[in-house]
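Please open the model in a viewer and keep the selection panel at hand. The stops below proceed from a single side chain to its surroundings.

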Amino acid sequence: MPRPSKNSSAKTEPAAAAGKQDRLDARILEALVGYNARRAWLIISGVFAERMAPYGLKQIDFSVLSLLAHNPGATSRQLCNTLDILPPNLVSLVATLDSRGLIERKPHPHDGRAVGLHLTEAGEKLIREAEQTVTQLEADASARLTARERETLIRLLQKIYL
């Protein structure tokens, strides 16, 4: 069996040492919930953006459509409360989704002053496909976790904001 030359090992040792030198002491940051949540979010949101591009959906668009798929007739107020967003931010989002033919407004059955938001057929089709894609991207992004670890992580994160 041929032995590596001294030159080839000499070339790899500085590269390994440089990798160690590039790694900073992040122990304080890595002990912070926010830092770790942000780092995980950066990975997942990057994959999300890539896989949702064919659908033309951002995270907030997906969230609104998904909520409407499972809560037909929800009001803007309910969406704002659930997603913790300000009403003016939702107004333009709803207008955009409406102009794309994904949602429609209908009178609310119990509150004459309110308007219920509903998915159109195109919206239903789009969110069904997008939800399948998101389910797969979440599985891919959390593949290093067992199913139980994933459930625990979600439950623990929810304890912070619910």
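Helices here are DSSP runs of H or I with at least four residues, numbered from the N terminus. In this predicted model, begin by selecting Leu68, which lies in helix α4.

Is Leu68 buried or exposed? Its relative accessibility is 2%, and because buried means under 20% relative accessible area, Leu68 counts as buried.

Next, display the neighbours of Leu68. Leaving aside residues up to four places away in sequence, Leu68 touches Ala74, Leu79, Ile103, Leu117 and Leu119. For one of these, Leu117, the C-alpha to C-alpha distance to Leu68 is 7.0 Å, although the two are 49 residues apart in sequence.

Now widen the selection to the largest nonpolar core, which has 24 residues. Within this core, Met52, Leu65 and Leu68 have the most contacts. At least two core residues come from each of α3 (33-52), α4, α5 (76-83), α6, β2 (115-119) and α7 (121-141). Which element gives the most to this core? It is α7, with five residues. In soluble globular proteins, nonpolar side chains tend to be buried together.

Finally, select α4 (residues 59-70) together with α6 (residues 87-99). These helices pack at an angle of about 75 degrees, and their axes are 11 Å apart. Helix α4 is therefore roughly perpendicular to α6. At the contact, Ile60, Asp61, Val64 and Leu65 of α4 meet Leu90, Leu93 and Leu97 of α6. Six of the contact residues are nonpolar, none is polar and one is charged.

Conventions: Residues numbered from 1 in each chain as written. Predicted model: local features only at pLDDT ≥ 70, side-chain atom pairs only at ≥ 80, totals over all residues. Heavy atoms only, no water. Axes fitted to C-alpha atoms, helices over the stretch in contact; angles between N-to-C directions. Parallel < 35°, antiparallel > 145°, perpendicular 65-115°, else oblique. Contact = heavy atoms within 4.5 Å. Nonpolar A, V, L, I, M, F, W, Y, C, P; charged D, E, K, R; others polar. Core = buried A, V, L, I, M, F, W, Y, C linked by side-chain atoms within 4.5 Å. Buried < 20%, exposed > 50% of the residue type's maximum accessible area, 1.4 Å probe, protein only.
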